[in-house]
Amino acid sequence: MFEKKEKIEDNFLEFIPVRKVDWKQDENGKVCLIKEKTKNKLMKKIIALFNKSQYINIHLDELGTSAWLKIDGKRNVHEINEKMKAEFGDELTQVQQRNVFFFNLLKNNKFIDFS
């Protein structure tokens, strides 16, 4: 049972994340992901009627920002993990498990895709 989980995680480390949403950095250098609330034209009109933003802003913490900035469409998850270990050192424990969860979360919410 544990072998299967490790094998899935090992394969996941070979995936190359690719960004799918716009983003910006705030004055503190932290990343904010910008995603359209809906693609449905009718819903966009309804949202506009209430003078609401068409976008959702997701503010990443220091670790999320670091991981996001390392996504370049060439590095795989393992390489990003190694760069984060070098950047944060002992401060960052269990980087592999954390990033597997983080990248799955980004993928499930369509912020990234894998090539």
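**A walk through the fold, from sheet to core**

Helix α3 lies across strands β2 and β3, and its direction makes an angle of about 70 degrees with β3. That is a handy place to start looking around. Keep in mind that this is a predicted model. Its average pLDDT is 88, and 91% of the residues reach at least 70. The exception to treat with care is the stretch of residues 1–8, where pLDDT stays under 50 and the model has zero contacts beyond four places in sequence. Where pLDDT is low, the predicted coordinates should not be read in detail.

Three strands make up an open, antiparallel sheet, in the order β2-β3-β4. Strands β2 (22–25) and β4 (55–59) are the edges, each pairing on one side only. From one strand to the next, the twist averages 25 degrees. Between β3 and β4, which run antiparallel, there are five bridges.

Next, the nonpolar interior. In soluble globular proteins, nonpolar side chains tend to be buried together. Here the largest nonpolar core has 21 residues, and Leu-33, Trp-68, Met-84, Phe-103 and Leu-106 have the most contacts inside it. The elements that supply two or more residues each are β3 (31–36), α3 (62–70), α4 (77–88) and α5 (95–108). Of these, α5 gives the largest share, with five residues. To see how parts of the chain meet, follow Leu-106: leaving aside residues up to four places away in sequence, Leu-106 touches Leu-33, Trp-68, Phe-111 and Ile-112.

Two asparagines are worth a visit as well. At the start of helix α2 (residues 41–49), a side-chain oxygen of Asn-40 comes within 2.9 Å of the backbone nitrogen of Leu-42. Just after α2, another asparagine, Asn-51, adopts a positive phi of about 55 degrees.

Notes:
Residues are numbered from 1 along each chain as its sequence is written. This is a predicted model: local features need pLDDT of at least 70, side-chain atom pairs count only at pLDDT 80 or more; totals for chains, interfaces and linings use all residues. Side-chain values use heavy atoms; hydrogens and water are left out. A polar contact is a pair of N or O atoms within 3.5 Å; within protein, one must be able to donate a hydrogen and the other to accept it, and residues adjacent in sequence count only if both atoms are side-chain atoms. Helices (H or I, at least four residues) and strands (E, at least two) are DSSP runs, numbered from the N terminus. A nonpolar core is a set of buried Ala, Val, Leu, Ile, Met, Phe, Trp, Tyr and Cys residues joined through side-chain atoms within 4.5 Å. Buried means under 20% relative accessible area, exposed over 50%, partly exposed in between (1.4 Å probe, protein chains only). Contact means heavy atoms within 4.5 Å. Two strands pair if DSSP finds at least two bridges between them. Axes are lines fitted to C-alpha atoms, for helices over the stretch in contact, and angles run from 0 to 180 degrees between N-to-C directions. pLDDT is the predictor's confidence in each residue, from 0 to 100.
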